[in-house]
Every structure is written in structure tokens, then in C-alpha cells.
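Please find below a short note for a colleague new to reading structures.

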Amino acid sequence: MHITRHAEALAVLADPRYVPPPVRQDAPEGTLAWLRAHVSRFSAGAEHAERRRRVVERLAALDPVDLRAAAKAATLERPDEWRAVPTRVLGAALGVADTTPVAAAAAGYLSGEESPQADAAVAALLDQTDLPAVTLLLQGHAATEALIANALPRLAEHDDVEAVLRETLRHDPPLKVTRRLDLHSGEEVTLDLVAANRDPDVFPDPGRFDPARGETPHLTFGAGVRPCPAPAYALALAAGVLEGLREGERP
């Protein structure tokens, strides 16, 4: 089933009978597949709740204001390397000195595509820190980078960085679809986040990019029983990078 309407997508996200499709459970410890079997994103029920709690606990020690300032400073220092900034800044806040393995590990994190390179990257990260920290780095890596890339062209027309990011999350979400398995029927459901975020029943003139909309009920950060635990942190990192890029362009 392919869901495109906002109300239907929201109903699925709010119903505990819809869970992430199962992932491989028999992989050797320390590999990408093993990691996917031990993180909150791909688990359900009490297991998901406990794994999510550990991630939230790890986040509680971080300050979004500090992340934003650090991301801005790092971008001003090396604007041509802004794509590495969110992961590097988040890693430093989590106590991870070397975040270079994150890209290789994150490449198969959502898809489940395994490779020796991804396994080596996961092992290198686990040598430095705990599983909740690795989870945060992998979940935020590609999504935060894509959010910044999608928002960047809009800064030429709009001054408010936060407003641009909010509308980018609705209009051009970094994650286009998410999937759930119906435990009752066994059917896999695909939620089209692009379509749901442009549902005319919820968003007037949905195809128009309009930062003046303010807060909107977009589904980019999820909703219901499995919302993203870190939207404030992702937005802080993205805002810091965008501020650094804009300030660095001024004479």
C-alpha cells in the first residue's frame, strides 16, 4: 500500500500495529547488520522504547544552542567543507574524536546494504563510543546534510534561516518515504512523505515554498508512537551551517 494523504499517514504513524519492517538478526557483533538489529529505529514495542530512552538520555547532555554556535564557527572556518560539519560537530559533542567512518557506515544504515567498508566503519565507531552515540551519528548524517542542501538555495530569497528550514522540512524533506509493516495483515505500507507534506487538505497552496507559514504539521520528523528524538538538535546544526555560509559570503 502506498499512502499519500496526510491524515492516512498520520493514522499509520499513530498506530502501534504498524512497525518497521524486520531486519536481519543473526549478523556478527560489530557489523552494520548487527547494529541495525540493535537500534531503536528498526525495533518495536518495549525494545524500541528502551533503546529510544538511551538515545534521548544521551541527547539530554547536549545543548542545541552550543551545537548551532559550533556548527557556525566550523563552517566559517572551512566553508568549502560544510557537508562534514554537522557530523563532526555532533561527534565532538558526543565525545567521538574521529567521525570520518560515519559516511561509510551511514551509506547502508537505512537500506541495509552490507559491505566490508560499512562493517569496518561501524567497528571503528564502536571502538570510540557507545551504541546510542553511534545511532545518533548515523541517523543524523545524511538527513541533516540533505536538509541543508535543500534549504541553501532558498537563502538568496529569504533572510530567516529558521523559517527557511521549517518550510524546507515540509516542502523538500530529506527523507522522501518511510515504511511500516502491518502486524495484522503482514502488508508493507509505504508512506510518501513528500506527498503527505503537500496534501492540499492540510497545507494551502502546498506546492509553493512559503517560509511565512510558520510551524506546520509536516511529517518529516515522524509522529505518533515513533517521533524523531532529535529534531531540535538537527535543526540547530543545520541552522549553524547555513548561518556560517551566509555570513561567509558577505563582504
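1. In this predicted model, helices α4 and α11 are roughly parallel to each other, because the angle between them is about 30 degrees and angles under 35 degrees are counted as roughly parallel. Helix α4 covers residues 64-77 and helix α11 covers residues 231-249, and their axes lie 7 Å apart. The crossing of the two helices is right-handed.

2. Which residues make the contact between α4 and α11? On the α4 side they are Pro64, Leu67, Arg68, Ala71, Lys72, Thr75 and Leu76. On the α11 side they include Tyr233, Leu237, Gly240, Glu243 and Glu247. Sorted by class, the contact of α4 with α11 holds 11 nonpolar, 4 polar and 4 charged residues.

3. Helix α8, residues 131-151, also packs against α11, at an angle of about 45 degrees and with the axes 10 Å apart. This angle makes α8 oblique to α11. The crossing of α8 and α11 is right-handed.

4. The contact between α8 and α11 involves Thr144, Leu147, Ile148 and Ala151 of α8, which meet Ala234, Leu235, Leu237, Ala238, Val241 and Leu242 of α11. By class, this contact has 9 nonpolar residues, 1 polar residue and no charged residues.

Conventions: Residues numbered from 1 in each chain as written. Predicted model: local features only at pLDDT ≥ 70, side-chain atom pairs only at ≥ 80, totals over all residues. Heavy atoms only, no water. Axes fitted to C-alpha atoms, helices over the stretch in contact; angles between N-to-C directions. Helix = DSSP H or I, 4+ residues; strand = E, 2+ residues; numbered from the N terminus. Parallel < 35°, antiparallel > 145°, perpendicular 65-115°, else oblique. Left-handed = near helix turned anticlockwise from the far one by under 90°. Contact = heavy atoms within 4.5 Å. Nonpolar A, V, L, I, M, F, W, Y, C, P; charged D, E, K, R; others polar.
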